[in-house]
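User: Hi! I am new to reading protein models. Could you walk me through this one?

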Amino acid sequence: MKKGTRRTPTTDAVEIIRRRYYEGRPERIVGLAEAEANDTVARKICKLRKRAGLTQQQLAKRVGTTTSVISRLEDADYEGHSLAMLRRIASALNKRVELRFVSAGRTTKLA
């Protein structure tokens with residue numbers, strides 16, 4: 001926000017968080033975008049596994065890994081998703097991975 005400019009008061013919790021923690025802090029916005037991407041991947045893996053009616057152990061067996069690896073991949077805090085592993089999971093679930101590149105100017109919901 002520019003100096004001398006007044007903000008409109010708000011009671012919107014998301015807007016308050018954006019103003020307090022992200023406005024004018026690009027490094028935090030980058031971190032938020034990374035966390036959001038990790039969360040999206042984790043949720044997608046979990047959702048696809050459950051739609052297929054599989055437990056983590058069953059998916060791990062199909063992928064050729066351990067249950068703990070699948071559990072880690074479904075954790076929103078996990079940062080080690082690899083394209084190779086995502087392809088293995090997709091194949092085990094009869095899916096394919098699509099990769100998109102979007103403008104670097106695109107921001108997260110809070111930004």
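**Overall shape**

Analyst: The chain has a radius of gyration of 19 Å, whereas a compact globule of 111 residues would have one near 13 Å. That radius is taken over C-alpha atoms, and the globule rule is 2.2 Å times the number of residues to the power 0.38. This is a predicted model, in which local features need pLDDT of at least 70 and side-chain atom pairs count only at pLDDT 80 or more, while totals for chains, interfaces and linings use all residues. Residues are numbered from 1 along each chain as its sequence is written, and side-chain values use heavy atoms, with hydrogens and water left out.

User: What box do the C-alpha atoms of the chain fill along the principal axes?

Analyst: The box is roughly 60 × 25 × 20 Å.

User: How many helices and strands are there in the chain?

Analyst: Helices (H or I, at least four residues) and strands (E, at least two) are DSSP runs, numbered from the N terminus. Here there are five helices and zero strands, giving the pattern α-α-α-α-α along the sequence.

User: Is Glu74 buried or exposed?

Analyst: Buried means under 20% relative accessible area, exposed over 50%, and partly exposed in between, using a 1.4 Å probe and protein chains only. Glu74 counts as buried because its relative accessibility is 14%. Buried residues make up 23% of the 111 residues in the chain. Glu74 is placed in the loop between α4 (67-73) and α5 (83-92).

User: Which residues is Glu74 in contact with, leaving aside its neighbours within four places in sequence?

Analyst: Contact means heavy atoms within 4.5 Å. The partners of Glu74, with those neighbours left aside, are Ala42, Ile45, Cys46, Arg49 and Gln56. The side chains of Glu74 and Arg49 are also joined by a polar contact of 2.6 Å. A polar contact is a pair of N or O atoms within 3.5 Å; within protein, one must be able to donate a hydrogen and the other to accept it, and residues adjacent in sequence count only if both atoms are side-chain atoms.

User: Where does Ser82 lie?

Analyst: Ser82 is also in the loop between α4 and α5. With a relative accessible area of 31%, Ser82 is partly exposed.

User: What is the phi of Asn94 near?

Analyst: Most residues other than glycine have a negative phi. The phi of Asn94 is near 60°, a positive value in a residue other than glycine. Asn94 lies in the segment after α5 and, at 71% relative accessibility, counts as exposed.
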